[in-house]
Structure formats: C-alpha cells, structure tokens
Amino acid sequence: MELRRLTKDDIPACSDLAESRSWPREESKWEFLIAHGEGWGLFDDGLVGTTIVTRYPELASISMVLVAERAARQGHARRLVSHVLDTGVPDTGVSTLFATKMGRPLYEQLGFHAVGFTDIHAGTFTGSAADISHIATADDLDEIVALDTKVTGITRPYLWESLLGMGTIRISDHGVAGTWQVREGRMLIGPVIADTPADTCALIADCAAGVPRVRVDVHDPEVIAFVREHGLESWGEATWMVRGADTLPGDRTRYRAPLLQALG
C-alpha cells in the first residue's frame, strides 16, 4: 500500500473519505490544512487513510486521522501517525492531537497522554449578539498574534492572517474570536481566547448570532451550558493529548476554544 504526500488534487477523495466516516464534507478545511501542513495518505485502488501534521517551532499538531471502513482495524492509523512522528517533530519533541474514544488507546500506545478535553457543539444559535466586540482589521494583527502566542504557546501568525482573508475576527477588551465560513451557511468559531467563561459566551454570541449553522468546541462547564441553552447540540467529546511533555505550552486557562481540533 502506497504512502505518499497529499496534494490539492487529493482533496475530493479526502472529502469522500470523511463523508464515509460521518464527518462533514469540508473541502476548504482540507485545502487549508494541506496548504499549511503536511498531509499524508495511504492508497491502494483508492484513498484508504489520511493524516495531517502541522508543525510549529514549539510542537507538532496531528489531525485528520481517518481510515476507510473497508480497511479498519488493520494497523493503518498506527502507520500514518507513526510516520509523521518519525519524519520529525520540533526540537522540543512535543506533539499534540485530539483523540476520539476509539482512537485514544492507539495514541496512548504511541506515547500520548490526556491533558484535557473539548466538547464539540453544532447547530443554530438561538441567542442574540452581546455587542461586546468589533471586527478586527490588519492593524490589530500584531496584538492578536502576541496574545495568541502567549496563551497557546504556539507561534502561528499565518493562522490569524488567514482568518482575516477567509473569515472574520472579532476582538473585545477581554478576548478575541476567529470565525471561518467553511461552507455556505456553515461557520466554525475558533480559536477563542477570553479572560473568563462569561467573556467567552459573549464573544461566541457576537460570532454566532444570525448565522444559519455554527460549530464551536468548548470545555468550560459554563460555556457548555450556554451554547446548549442557545440551540447547539453536543456531537461528543474529544480528548486533548500530548506526547513529549507533561502538558501543553502557554497559558491555557484562557484558551477557550480551538479551531478545527487540528491546529493546536
């Protein structure tokens, strides 16, 4: 079975694979991740499995570990994840990923351990905007990137630069939230950095109000209760895992929601 880098030409097959495993079909997400990271695929007569690794100076973020149902439980996920670990992580030796309940035992065997969780929520937000934020511009980027680096411990200015072009960034006195229109009428909210859970709820409200369908992945009990009270439903939890360190870098107490569970 051939293992090779994914290219833009493979995105339709990646989307087909995702859809076959009950994941959303989001070509723009695959395009973004392949453009900014390394995508790897296993092929026989077609695409059998995928993973993507996004490397920062501080850590490597592994995502999109998918295997076709016809090839499940044959060691392909192990081969894919082992390959990206073997091809190089930053000098810090740290890697991170989000694990489903099914995938967690494999990752533990590969040296990852749990450091937290996120609860995936999606639906139509029924609340009103809190009106505590405004739309950021390029003039705000340096401030936003500095805050993001301090909170996440990751240097990733390209992420916020990209969100300015393909989405919206909302900024307040107490935090910042990115949004991304991944499909018509469908918005991802994240990353969200905020001082308190209440500030997080207000930023989410400003982002989600009036949007047909949103997704946001959160972990604070107060925020989980807020989004559920306002129309979003849980799709289940994912476990945040780390390899090569006791915990994640940065001041994670203010990191309220990741983006895509794929970028650290």
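These legends go with close-up views of a predicted model.

**View 1. Trp-180 and the largest nonpolar core.** The largest nonpolar core has 43 residues, and the members touching the most others are Trp-30, Trp-160 and Trp-180. Leaving aside residues up to four places away in sequence, Trp-180 touches Ser-28, Lys-29 and Phe-32, along with Leu-163, Met-166, Gly-167, Arg-186, Met-187, Leu-188, Leu-259 and Leu-260. Met-187 also turns up in a second, separate core of 22 residues, which includes Cys-201, Ala-205 and Ile-224 too.

**View 2. Leu-232 in strand 12.** Leu-232 sits in strand 12, which covers residues 232–243. With a relative accessibility of 3%, Leu-232 counts as buried, because the cut-off is under 20%. Beyond residues up to four places away in sequence, Leu-232 touches His-121, Ala-122, Gly-123, Thr-124 and Phe-125, plus Val-214, Val-216 and Val-227. Arg-213 is 19 residues from Leu-232 along the chain, and their C-alpha atoms are 9.1 Å apart.

**View 3. The largest pocket.** This one has a volume of about 1100 Å³. It is lined by 33 residues, and Trp-23, Val-65, Leu-66, Thr-100 and Gly-103 are the closest to the pocket's centre. Strand 4 gives the largest share of the lining, six residues; among the other elements supplying at least two are helix 3 (76–86) and strand 12. By class, the lining has 19 nonpolar, eight polar and six charged residues.

**View 4. The second largest pocket.** Here the volume is about 180 Å³. Strand 6 (residues 113–123) gives the most to the lining, with three residues. Lining residues include Val-115, Phe-117, His-219, Trp-240 and Arg-252. The lining splits into five nonpolar, three polar and one charged.

Notes:
Residues are numbered from 1 along each chain as its sequence is written. This is a predicted model: local features need pLDDT of at least 70, side-chain atom pairs count only at pLDDT 80 or more; totals for chains, interfaces and linings use all residues. Side-chain values use heavy atoms; hydrogens and water are left out. A nonpolar core is a set of buried Ala, Val, Leu, Ile, Met, Phe, Trp, Tyr and Cys residues joined through side-chain atoms within 4.5 Å. Buried means under 20% relative accessible area, exposed over 50%, partly exposed in between (1.4 Å probe, protein chains only). Contact means heavy atoms within 4.5 Å. Helices (H or I, at least four residues) and strands (E, at least two) are DSSP runs, numbered from the N terminus. On a 1 Å grid over the protein atoms alone, a cavity is a set of points where a 1.4 Å probe fits but cannot get out, and a pocket is an open set with protein on both sides within 12 Å along at least five of seven lines; lining residues have an atom within 4 Å of a point. Grid points are joined across faces, edges and corners, and a volume is the space filled by probe spheres set on the points. Ala, Val, Leu, Ile, Met, Phe, Trp, Tyr, Cys and Pro count as nonpolar, Asp, Glu, Lys and Arg as charged, and the others, Gly among them, as polar.
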